[in-house]
Amino acid sequence: MGQHGPLKGQCQPHVLQSEHPLPMGQTSMDVSQPKQPPGPGFIEALRMTPDLTRDALGTMSRISRTYGDLVKVKIGPMLVYLLNHPDYAKHVLQDNHTNYRKSSIYHEFSVLLGDGQLTTNDMEYWRSQRKLIHPAFSRSHLERYFTKVSETSSAMLERWETAARAGKPLDVYSEFMRLLLSLTGKILFNIDLAEEAPQVSEAMRVAFDFIMKRVNAPVKLPRDFPTPARQRVGRHVGVLNDIVRRLIEDRRQGEDRGDLLTALVRARDEAGKGMSDEHLRDEIKTLLVAGHESPANVLSWACYLLSLNPDKEERLAAEIAQVVGDRPPTFADLPRLRYCQMVLEETMRLYPPAWVVERTPLQDDVIGGYRIEAGARVTMFMYEIHRHRDFWTDPERFEPERFSEERSAGRHRFALFPFSGGPRICLGKDLSMVEMTLCLTMVIQRFRLRLEPSHPVVPLPSVNLRPRDGIVFHLSPRKGAAAATG
């Protein structure tokens, strides 16, 4: 990626305009005398490097709670500003977003996604690609997608019925990953990827582990240096590339199916030039990964939290019984399933799929009275922001009721931002909410889920916040659930 010069109209540091009063001890907004942020010294930062690799969530939370809402961490050549306040996230993602580009850590995704532009690229090209892809995610398409979500979820739940009758425990994380990958293929590309799900998931797992180790390393080898780990990633991603290549070849030779894949294949720029097969492959991989990884994780964590809080599970079951009864849910039911949406919002607060968002300032900036150096990594620690005690009462508690209309009134827009914010807010936000609301409704309508006590549930802060070893449940049918099979 080329060098970025100063942006027109951005010669002076942008002053953060606080939506809420600044935290105690951060009252200075004097741009002429910005302060250096607090943070660990060189030796302390060096000592915590192994801890960041072993327990990134715990280590970053300790740093945040020790040093405050804006922390400077320097380990060797790596300079990171850790932002832990909604005002600061709003400043970077919305108010002064023209001074920020995607952090260089996103370049690490090229081992999996190539140049997948929606995730890794910036500004002009990104805008043109977003304009092309946006219609596939418009609200007018959601009702048409609903039938596919319902039918595919029903097929999954039939497998769950078999497992329940046999008394066989089930890893719902693997099930949801398979479901959402299949749905993403059907909705965006008019294909069913259920059979390819294990290979796609394994390629993602291997690549994500490799990416995160490089992200947390202060010094790293060139990305394509042939280490055993890099070669292993190459083998798995090669399988994924072959799957996508076959899709492209089929669509280039086939008829117009009116889907996003056809639109991508037939897209032309102003000079009449279309995308290369390599470029198409990278775009499709990006959409596949982004389209299924996050909602699968949210659904897994939602089932986990409900199983730990049976009173909340029963309140959700009561809402479903009142709104839907024993019949299959319809698109018209979704707005009335408000508690279900509240459960999902609370799940994303506690286990945000994208647990950090990173940017790099093109020029020096001032946030909360602190100087932010151009070229550094600015990490918005969503996991901690979603637990900020100035905005959330008893923040570790699972309490969907906090998202009622009354309690949400006046809440900071960036106290919860699981789909990011500003111009780069997630394109698939509405589709994901339809998928997750319908699927969770159908699961709770038909089953009670009880955790397998011998199976550990450990959050793994990879690219998404996922359960390291899956989440295993015992299933038991709810009374009257058989009528809701459709």
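Guide: Welcome! The model is predicted: local features need pLDDT of at least 70, side-chain atom pairs count only at pLDDT 80 or more, and totals for chains, interfaces and linings use all residues.

Visitor: How far is the sulfur of Cys303 from the closest cysteine sulfur?

Guide: Searching the whole structure gives zero disulfides, meaning pairs of cysteine sulfur atoms within 2.5 Å. Cys303 is buried, at 2% relative accessible area, whereas Cys426 is partly exposed at 34%. For Cys303 the closest cysteine sulfur is in Cys439, and that is too far for a bond because the distance is 7.6 Å.

Visitor: How many salt bridges does the structure hold?

Guide: A salt bridge here is a side-chain nitrogen of Lys or Arg within 4 Å of a carboxyl oxygen of Asp or Glu. One of them joins Asp192 and Lys186, whose closest N and O atoms are 4.0 Å apart. Another joins Arg468 and Asp469, at 2.8 Å. The number of salt bridges is 39.

Visitor: Which residue forms a salt bridge with Glu401?

Guide: Glu401 is buried, with a relative accessible area of 16%. The closest N and O atoms of the pair are 3.1 Å apart. Glu401 sits in the loop between helix 15 (382-385) and helix 16 (405-408), while its partner is in helix 13 (residues 310-323), so the bridge ties together parts 86 residues apart in sequence. That partner, partly exposed at 42%, is Arg315.

Visitor: Which helix gives the largest share of the lining of the largest pocket?

Guide: A pocket is an open set of points on a 1 Å grid over the protein atoms alone where a 1.4 Å probe fits, with protein on both sides within 12 Å along at least five of seven lines; lining residues have an atom within 4 Å of a point. The largest pocket has a volume of about 700 Å³, the space filled by probe spheres set on its points. Its lining has 28 residues, with Glu345, Phe419, Lys429, Asp430 and Met433 nearest the centre, and helix 7 (139-165), helix 14 (338-350) and helix 17 (429-446) each give two or more. The largest share, five residues, comes from helix 17.

Visitor: What is the phi of Asn190?

Guide: Asn190 lies in the loop between helix 8 (172-189) and helix 9 (197-215). Asn190 is partly exposed, at 33% relative accessibility. Although Asn190 is not a glycine, its phi is positive, near 60°.

How values were computed
Residues numbered from 1 in each chain as written. Heavy atoms only, no water. Buried < 20%, exposed > 50% of the residue type's maximum accessible area, 1.4 Å probe, protein only. Helix = DSSP H or I, 4+ residues; strand = E, 2+ residues; numbered from the N terminus.
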